[in-house]
Amino acid sequence: MKKFLLLLLISLSCFFANAQVKLLSLAQLNKRVANTDTLYVVNFWATWCAPCVAELPNFEKLQMVYKDKPLKVLLISMDFQSKFKLVQQFSVKHKLKAEVYLAERSSDQELIDGIDKDWGGALPGTLIVNAKKGIRKFYEQEFTYAELNKLYLSSQ
Amino acid sequence: MKTLITVAMMAVAGLAFKVADNGYVVGDKATDFKLKNVDGKMVSLANYKSAKGYIVVFTCNHCPYAKAYESRIMALDKEYAAKGYPVIAISPNDPVALPADSYENMQKLAAKKSYTFPYLIDESQAVSRTYGAKATPHVYVLQKTAAGNVVKYIGAIDDDTEGTKTEKVKYVENAVNALLAGKEPAVTATKAIGCGIKWKKSV
């Protein structure tokens, strides 16, 4: 019985390790994307946003295709902070492989302005940062995989 | 003549694109519109003879942000309609993309919640594009002047989307209160986080 419980615990921890959602603040994000070794594609989405959910696989695919390249895809949920569990469940259910975060913020205004002053606040939105080349661009739009791939290649 | 027409058409198309792309900024004069209310009647800003201005809210049925703000939109009308700033709610979404935002479902919601303000459908989405609405809810506070309806504030209702803060910065209330006091709003533009508007697929 003890063995069984241990086994269950180990399998559970493996299960959750794949889809560990964390909180991420604007300051943490800005610090992260300032890293000059990596190109960052940061997608802002929400579990309730249908076009966001529809395009998530494109971001997952981008990360998979270029997994050996210095590319990091970050999926930042703009769900309310009280919905942490829901975001966690969503990422498990959809088997998200990229890093998933929930935006930690005291105010949507500060966060949106801090990401990009031209972001009106509509979802989905995508930030691409290549600090080495001084590229930081925000796109308030949906992306097909082909568009995303093109954007990534042109930002390298 | 043909060239002239082509040039004129291109100019109009260019203008339409420019408006669609940017929408209003604070200080612009907002155009009036004629849109169908949930009671079947057509509503224009000009219908409100005694209004001093308007709180035009682009909102919708389905969006969690719109839902989170619904009671606060209702409260704005209760507070400010009598003071001369009625709420005019407009649903910008394409019901083909989002059946929850159909005219029938708008009627149901308005009846269920006993909206005290009009809830208009922007079937062609032309008004939403002209204003530059991006997400729901997205507010435009207009002041009626001799020269027209001037945009005085664009953005969010307050800084507390989820409705959990005890101390909110009430952007719309502050703007309208300033206008009622004969002053200019201190904050004229904020970001309106919410659901991106579902535009019709271009044909």
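This is a predicted model: local features need pLDDT of at least 70, side-chain atom pairs count only at pLDDT 80 or more; totals for chains, interfaces and linings use all residues.
## Chain B in outline

Chain B has 203 residues, of which 50% are buried. Its secondary structure consists of 5 helices and 10 strands. Among the contacts in chain B with a separation of 6 or more, 75% are between residues 24 or more positions apart.

## The sheet of chain B

An open sheet of 8 strands is found in chain B, with the order E1-E9-E8-E4-E5-E6-E2-E3 and mixed pairing. Strand E1 (29–30) and strand E3 (42–43) are the edge strands, each pairing on one side only. Strands of a sheet pair through backbone hydrogen bonds, in either a parallel or an antiparallel sense. Strand E2 (residues 35–37) and strand E6 (residues 119–121) of chain B are antiparallel and pair over 2 bridges. In this pairing, B:Lys36 stands opposite B:Ile121 of E6(B). Helix H5 (residues 171–180) of chain B packs on the sheet. This helix touches strand E4 (53–58), strand E8 (138–145) and strand E9 (148–155) of chain B, and its direction makes about 5° with that of E8(B).

Strand E8 of chain B has antiparallel partners in E4(B), to which 6 bridges join it, and in E9(B), to which 7 bridges join it. B:Ile55 stands opposite B:Val141 in E8(B), while B:Gln143 stands opposite B:Val150 in E9(B). The link from E8(B) to E9(B) is a hairpin through 2 residues. Because 6 of its 8 residues are buried, E8(B) is largely enclosed by the rest of the structure.

## Nonpolar cores

The largest nonpolar core contains 83 residues, and A:Phe44 and B:Ile55 have the most contacts inside it. Helix H2 of chain B gives the most to this core, with 7 residues. Apart from it lies another core of 21 residues, including B:Tyr54, B:Phe58, B:Tyr140 and B:Ile154.

B:Ile55 also has contacts beyond its neighbours within four places in sequence. Its partners there are B:Leu76, B:Tyr80, B:Tyr85, B:Pro86, B:Val87, B:Ile88, B:Val139, B:Tyr140, B:Val172 and B:Val176.

A disulfide is a covalent bond between the sulfur atoms of two cysteines. Over all chains, the structure holds 2 disulfides. One of them is formed by A:Cys49 and A:Cys52, with sulfur atoms 2.1 Å apart. The link of A:Cys49 and A:Cys52 is right-handed, with 75° about the S-S bond. A:Cys49 counts as buried because its relative accessibility is 4%, and A:Cys52 is likewise buried, with a relative accessible area of 0%.

In chain B, a disulfide joins B:Cys63 to B:Cys195, with an S to S distance of 2.0 Å. The torsion about this S-S bond is about 85°, so the disulfide of B:Cys63 and B:Cys195 is right-handed. The pair links distant parts of the chain, 132 residues apart. B:Cys63 lies in the loop between E4 and helix H2 (64–80) of chain B, and B:Cys195 lies in strand E10 (residues 194–196) of chain B. B:Cys63 counts as buried at 0% relative accessibility, as does B:Cys195 at 3%.

B:Cys60 is also buried, with a relative accessible area of 5%. The closest cysteine sulfur to that of B:Cys60 is in B:Cys63, but the distance is 5.0 Å and therefore too far for a bond.

## Helix H6 of chain A

Helix H6 (residues 145–155) of chain A has the buried residues A:Tyr145, A:Leu148, A:Asn149, A:Leu151, A:Tyr152 and A:Ser155. These residues lie on the same side of H6(A) because they cover an arc of only 160° around the axis. The face turned away from this buried side carries the exposed residues A:Ala146, A:Lys150 and A:Ser154. The buried residues of H6(A) pack against strand E2 (39–45), helix H3 (50–65), strand E3 (71–77), strand E6 (125–130) and strand E7 (135–139) of chain A.

A:Asn149, a residue of helix H6 of chain A, has a relative accessible area of 19% and is therefore buried, the cut-off being under 20%. Leaving aside neighbours within four places in sequence, A:Asn149 is in contact with A:Leu62 and A:Tyr66.

Note on methods
Residues are numbered from 1 along each chain as its sequence is written. Chains are lettered from A and ligands numbered from 1 in the order in which they are written. Side-chain values use heavy atoms; hydrogens and water are left out. Two strands pair if DSSP finds at least two bridges between them. Helices (H or I, at least four residues) and strands (E, at least two) are DSSP runs, numbered from the N terminus. Contact means heavy atoms within 4.5 Å. Axes are lines fitted to C-alpha atoms, for helices over the stretch in contact, and angles run from 0 to 180 degrees between N-to-C directions. A disulfide is a pair of cysteine sulfur atoms within 2.5 Å. Buried means under 20% relative accessible area, exposed over 50%, partly exposed in between (1.4 Å probe, protein chains only). A nonpolar core is a set of buried Ala, Val, Leu, Ile, Met, Phe, Trp, Tyr and Cys residues joined through side-chain atoms within 4.5 Å. The arc is that of the directions from the helix axis to the C-beta atoms.
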